[in-house]
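Let's take a friendly walk through this protein together.

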Amino acid sequence: MIDVHPETKEAMSASDWKAAYRKGTPHWADDLSPSLFAQEFVGEMKKAKAKTVLEVGSGNGRDSIFFARAGFNATAMDISPEAVDMASKNAQDADVTISARVANAEALPFEGNAFDAFFSLSVMHSTKLDKSLPEVARVLKDGGLAFIYLYGNTITAKGKTTDVIKLDDYIKLLHEHGFILLDFYAEQEDEFDDAGEKHRLFVALLQNGCHGCMHVGKAGRSVCLHGNSLSAF
Ligand SMILES: C[S@@+](CC[C@H](N)C(=O)[O-])C[C@H]1O[C@@H](n2cnc3c(N)ncnc32)[C@H](O)[C@@H]1O
(Lines give C-alpha, C1' and ligand atoms only; values in the text may rest on other atoms or scores of the structure.)
Protein backbone atom coordinates (compact mmCIF):
# COMPACT_ATOMS: atom_id res chain seq x y z
CA MET A 1 0.00 0.00 0.00
CA ILE A 2 1.39 3.39 -0.93
CA ASP A 3 1.86 5.91 1.85
CA VAL A 4 0.05 9.01 0.63
CA HIS A 5 0.98 11.69 3.08
CA PRO A 6 -2.08 13.18 4.75
CA GLU A 7 -3.02 16.78 4.13
CA THR A 8 -1.18 18.93 6.59
CA LYS A 9 -2.18 22.11 8.37
CA GLU A 10 -0.18 24.06 5.79
CA ALA A 11 -2.02 22.60 2.75
CA MET A 12 -4.95 24.69 1.54
CA SER A 13 -8.24 22.96 2.33
CA ALA A 14 -11.38 23.27 0.20
CA SER A 15 -12.73 25.95 2.54
CA ASP A 16 -9.42 27.89 2.41
CA TRP A 17 -9.62 28.02 -1.40
CA LYS A 18 -13.24 29.16 -1.33
CA ALA A 19 -12.46 31.81 1.32
CA ALA A 20 -9.54 33.12 -0.75
CA TYR A 21 -11.91 34.01 -3.63
CA ARG A 22 -14.53 35.50 -1.32
CA LYS A 23 -11.93 38.02 -0.07
CA GLY A 24 -11.40 39.38 -3.61
CA THR A 25 -9.36 38.30 -6.63
CA PRO A 26 -6.50 36.10 -5.38
CA HIS A 27 -3.03 36.79 -6.77
CA TRP A 28 -3.03 33.66 -8.98
CA ALA A 29 -6.23 34.86 -10.70
CA ASP A 30 -4.89 38.32 -11.66
CA ASP A 31 -3.45 37.41 -15.04
CA LEU A 32 -5.43 36.00 -17.94
CA SER A 33 -2.43 35.03 -20.09
CA PRO A 34 -2.35 31.30 -20.71
CA SER A 35 0.33 29.31 -18.90
CA LEU A 36 3.32 28.00 -20.86
CA PHE A 37 2.23 24.49 -19.82
CA ALA A 38 -1.19 24.99 -21.45
CA GLN A 39 0.50 26.25 -24.61
CA GLU A 40 2.67 23.12 -24.76
CA PHE A 41 -0.26 20.86 -23.93
CA VAL A 42 -2.23 22.20 -26.91
CA GLY A 43 0.54 20.84 -29.15
CA GLU A 44 0.28 17.42 -27.46
CA MET A 45 -3.52 17.40 -27.72
CA LYS A 46 -3.34 18.27 -31.41
CA LYS A 47 -0.87 15.43 -32.04
CA ALA A 48 -3.20 13.05 -30.19
CA LYS A 49 -6.23 14.39 -32.14
CA ALA A 50 -8.02 15.20 -28.89
CA LYS A 51 -11.24 17.19 -29.08
CA THR A 52 -12.47 17.45 -25.49
CA VAL A 53 -10.45 18.61 -22.47
CA LEU A 54 -11.28 18.88 -18.77
CA GLU A 55 -9.36 21.35 -16.62
CA VAL A 56 -9.52 20.80 -12.87
CA GLY A 57 -8.85 23.81 -10.65
CA SER A 58 -9.36 26.27 -13.49
CA GLY A 59 -9.08 29.48 -11.39
CA ASN A 60 -9.87 32.52 -13.56
CA GLY A 61 -10.24 30.24 -16.61
CA ARG A 62 -7.10 31.45 -18.42
CA ASP A 63 -6.06 27.99 -19.66
CA SER A 64 -9.55 26.67 -20.47
CA ILE A 65 -10.20 29.88 -22.44
CA PHE A 66 -6.94 29.28 -24.30
CA PHE A 67 -7.96 25.66 -25.05
CA ALA A 68 -11.36 26.83 -26.36
CA ARG A 69 -9.66 29.47 -28.53
CA ALA A 70 -7.42 26.74 -29.94
CA GLY A 71 -10.55 24.84 -31.04
CA PHE A 72 -11.02 22.34 -28.18
CA ASN A 73 -14.28 21.67 -26.39
CA ALA A 74 -13.15 22.85 -22.92
CA THR A 75 -14.72 22.13 -19.55
CA ALA A 76 -13.40 24.25 -16.67
CA MET A 77 -13.99 23.01 -13.16
CA ASP A 78 -13.14 24.52 -9.78
CA ILE A 79 -14.15 23.94 -6.18
CA SER A 80 -14.83 27.66 -5.69
CA PRO A 81 -18.14 29.02 -7.05
CA GLU A 82 -16.54 32.49 -7.28
CA ALA A 83 -13.73 31.06 -9.45
CA VAL A 84 -16.26 29.37 -11.74
CA ASP A 85 -18.23 32.64 -12.11
CA MET A 86 -14.98 34.45 -12.87
CA ALA A 87 -13.97 31.88 -15.52
CA SER A 88 -17.44 32.04 -17.14
CA LYS A 89 -17.37 35.84 -17.27
CA ASN A 90 -13.81 35.89 -18.62
CA ALA A 91 -14.79 33.40 -21.34
CA GLN A 92 -17.80 35.52 -22.26
CA ASP A 93 -15.63 38.65 -22.43
CA ALA A 94 -13.16 36.72 -24.61
CA ASP A 95 -16.06 35.62 -26.83
CA VAL A 96 -15.32 31.91 -26.46
CA THR A 97 -17.51 29.10 -25.18
CA ILE A 98 -16.40 26.98 -22.26
CA SER A 99 -18.49 24.82 -19.99
CA ALA A 100 -17.71 25.81 -16.38
CA ARG A 101 -18.90 24.10 -13.24
CA VAL A 102 -18.27 23.82 -9.52
CA ALA A 103 -16.96 20.45 -8.35
CA ASN A 104 -14.29 18.78 -6.26
CA ALA A 105 -11.42 16.97 -8.02
CA GLU A 106 -11.99 14.06 -5.63
CA ALA A 107 -15.51 13.38 -7.00
CA LEU A 108 -15.75 14.44 -10.63
CA PRO A 109 -19.37 14.85 -11.77
CA PHE A 110 -18.82 13.23 -15.17
CA GLU A 111 -19.47 9.85 -16.74
CA GLY A 112 -16.52 7.53 -17.27
CA ASN A 113 -14.54 7.90 -20.53
CA ALA A 114 -15.93 11.41 -21.02
CA PHE A 115 -12.79 13.34 -22.05
CA ASP A 116 -9.93 12.99 -24.52
CA ALA A 117 -7.61 15.06 -22.32
CA PHE A 118 -7.15 16.34 -18.77
CA PHE A 119 -5.17 19.35 -17.50
CA SER A 120 -4.43 20.50 -13.97
CA LEU A 121 -1.91 23.17 -12.98
CA SER A 122 -0.97 23.74 -9.33
CA VAL A 123 -4.08 22.15 -7.82
CA MET A 124 -3.80 18.42 -7.19
CA HIS A 125 -1.43 18.72 -4.19
CA SER A 126 -4.48 20.18 -2.36
CA THR A 127 -6.44 17.00 -3.00
CA LYS A 128 -6.20 13.51 -1.58
CA LEU A 129 -4.28 11.95 -4.46
CA ASP A 130 -5.58 8.47 -3.74
CA LYS A 131 -9.06 9.87 -4.48
CA SER A 132 -8.39 12.42 -7.23
CA LEU A 133 -6.03 10.35 -9.43
CA PRO A 134 -8.50 7.44 -9.88
CA GLU A 135 -11.12 10.05 -10.78
CA VAL A 136 -8.85 11.40 -13.52
CA ALA A 137 -8.29 7.85 -14.82
CA ARG A 138 -12.05 7.19 -14.75
CA VAL A 139 -13.20 10.26 -16.71
CA LEU A 140 -10.37 10.05 -19.26
CA LYS A 141 -10.82 7.81 -22.27
CA ASP A 142 -8.40 4.89 -22.57
CA GLY A 143 -5.30 6.30 -24.23
CA GLY A 144 -6.33 9.88 -23.26
CA LEU A 145 -3.67 12.44 -22.33
CA ALA A 146 -3.23 14.09 -18.94
CA PHE A 147 -0.99 16.93 -17.80
CA ILE A 148 -0.57 17.24 -14.03
CA TYR A 149 1.67 19.79 -12.29
CA LEU A 150 1.70 19.55 -8.52
CA TYR A 151 3.87 20.23 -5.50
CA GLY A 152 5.59 17.23 -3.94
CA ASN A 153 6.58 19.37 -0.97
CA THR A 154 6.63 22.86 0.44
CA ILE A 155 9.63 24.42 2.20
CA THR A 156 9.04 27.61 4.15
CA ALA A 157 11.57 30.41 4.58
CA LYS A 158 11.69 29.38 8.26
CA GLY A 159 13.07 26.01 7.13
CA LYS A 160 10.04 23.80 7.69
CA THR A 161 9.47 21.10 5.04
CA THR A 162 6.04 19.58 4.50
CA ASP A 163 5.73 16.62 2.18
CA VAL A 164 2.61 16.14 0.10
CA ILE A 165 3.93 12.93 -1.44
CA LYS A 166 7.39 11.44 -1.99
CA LEU A 167 8.54 11.04 -5.58
CA ASP A 168 8.64 7.23 -5.51
CA ASP A 169 5.19 7.02 -3.95
CA TYR A 170 3.77 9.40 -6.55
CA ILE A 171 5.21 7.39 -9.45
CA LYS A 172 3.87 4.18 -7.89
CA LEU A 173 0.45 5.74 -7.43
CA LEU A 174 0.37 6.87 -11.07
CA HIS A 175 1.25 3.34 -12.20
CA GLU A 176 -1.24 1.82 -9.77
CA HIS A 177 -4.01 3.84 -11.44
CA GLY A 178 -2.91 2.72 -14.88
CA PHE A 179 -1.15 5.87 -16.12
CA ILE A 180 1.71 5.58 -18.57
CA LEU A 181 4.37 8.26 -18.01
CA LEU A 182 5.16 9.88 -21.36
CA ASP A 183 7.27 12.61 -19.83
CA PHE A 184 8.10 13.45 -16.22
CA TYR A 185 10.39 15.70 -14.25
CA ALA A 186 10.88 16.62 -10.63
CA GLU A 187 12.49 19.94 -9.78
CA GLN A 188 13.26 21.70 -6.52
CA GLU A 189 12.58 25.45 -6.76
CA ASP A 190 15.61 27.57 -5.72
CA GLU A 191 13.86 30.72 -4.67
CA PHE A 192 11.15 31.46 -2.14
CA ASP A 193 7.98 33.00 -3.58
CA ASP A 194 6.08 36.01 -2.18
CA ALA A 195 4.36 33.70 0.31
CA GLY A 196 7.79 32.67 1.68
CA GLU A 197 7.58 29.17 0.20
CA LYS A 198 9.44 27.08 -2.33
CA HIS A 199 8.32 23.75 -3.68
CA ARG A 200 9.41 20.49 -5.20
CA LEU A 201 7.58 20.39 -8.53
CA PHE A 202 6.35 17.17 -10.10
CA VAL A 203 5.40 17.75 -13.72
CA ALA A 204 3.88 14.86 -15.65
CA LEU A 205 2.57 14.21 -19.13
CA LEU A 206 0.58 10.99 -18.85
CA GLN A 207 -1.41 8.64 -20.98
CA ASN A 208 -4.36 6.80 -19.54
CA GLY A 209 -3.64 3.09 -19.77
CA CYS A 210 -6.01 0.31 -20.64
CA HIS A 211 -8.28 -0.10 -17.66
CA GLY A 212 -9.71 -3.51 -17.17
CA CYS A 213 -6.84 -4.87 -19.26
CA MET A 214 -4.68 -7.36 -17.38
CA HIS A 215 -1.13 -6.23 -16.65
CA VAL A 216 1.64 -8.76 -16.99
CA GLY A 217 5.19 -8.51 -15.71
CA LYS A 218 7.71 -8.95 -18.52
CA ALA A 219 11.44 -8.79 -17.86
CA GLY A 220 10.90 -6.56 -14.83
CA ARG A 221 8.42 -4.32 -16.65
CA SER A 222 4.69 -4.17 -16.34
CA VAL A 223 2.98 -4.41 -19.72
CA CYS A 224 -0.75 -4.50 -20.45
CA LEU A 225 -2.24 -7.02 -22.83
CA HIS A 226 -2.29 -4.37 -25.58
CA GLY A 227 1.47 -4.06 -25.18
CA ASN A 228 1.49 -0.65 -23.45
CA SER A 229 4.36 -0.37 -21.01
CA LEU A 230 3.25 0.84 -17.59
CA SER A 231 6.73 1.39 -16.30
CA ALA A 232 8.54 3.64 -18.72
CA PHE A 233 9.89 5.44 -15.61
C1 LIG B 1 -3.26 28.07 -7.42
S2 LIG B 1 -4.84 28.06 -8.15
C3 LIG B 1 -4.43 27.63 -9.84
C4 LIG B 1 -5.50 28.07 -10.81
C5 LIG B 1 -5.22 27.74 -12.28
N6 LIG B 1 -4.92 26.33 -12.47
C7 LIG B 1 -4.11 28.58 -12.82
O8 LIG B 1 -2.99 28.06 -13.00
O9 LIG B 1 -4.34 29.77 -13.05
C10 LIG B 1 -5.60 26.53 -7.55
C11 LIG B 1 -7.07 26.41 -7.95
O12 LIG B 1 -7.52 25.09 -7.63
C13 LIG B 1 -8.80 25.16 -7.03
N14 LIG B 1 -8.96 23.94 -6.19
C15 LIG B 1 -8.35 23.66 -5.01
N16 LIG B 1 -8.72 22.46 -4.55
C17 LIG B 1 -9.58 21.95 -5.47
C18 LIG B 1 -10.32 20.72 -5.55
N19 LIG B 1 -10.24 19.79 -4.59
N20 LIG B 1 -11.12 20.53 -6.63
C21 LIG B 1 -11.21 21.48 -7.59
N22 LIG B 1 -10.54 22.64 -7.57
C23 LIG B 1 -9.74 22.89 -6.51
C24 LIG B 1 -8.78 26.47 -6.25
O25 LIG B 1 -10.05 26.96 -5.95
C26 LIG B 1 -7.99 27.37 -7.21
O27 LIG B 1 -8.82 28.02 -8.14
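## Helix α4 and its cover

The buried residues of α4 are covered by elements including α1 (14–22), α3 (62–69), β2 (73–78) and β3 (99–102). Contact here means C-beta atoms, placed from the backbone, within 7 Å. Helices (H or I, at least four residues) and strands (E, at least two) are DSSP runs, numbered from the N terminus. This is a predicted model: local features need pLDDT of at least 70, side-chain atom pairs count only at pLDDT 80 or more, and totals for chains, interfaces and linings use all residues. Residues are numbered from 1 along each chain as its sequence is written.

Which residues of α4 are buried? They are E82, A83, V84, M86, A87, N90 and A91. Buried means 20 or more other C-beta atoms within 10 Å of a residue's own, with C-beta atoms placed from the backbone. After α4 comes D95, with a positive phi near 60°.

## The nonpolar core

The largest nonpolar core has 56 residues, and V53 and A146 touch the most other members. Strand β5 (residues 140–156) gives this core its largest share, seven residues. Such a core is a set of buried Ala, Val, Leu, Ile, Met, Phe, Trp, Tyr and Cys residues joined through C-beta atoms within 7 Å.

Beyond its neighbours within four places in sequence, V53 contacts M45, F67, F72, A74, F115, D116, A117 and F119.

## The whole protein

The protein has six helices and ten strands. Of its 233 residues, 38% count as buried.

Terms used: Buried ≥ 20, exposed ≤ 12 C-beta atoms within 10 Å, placed from the backbone. Contact = placed C-beta atoms within 7 Å.
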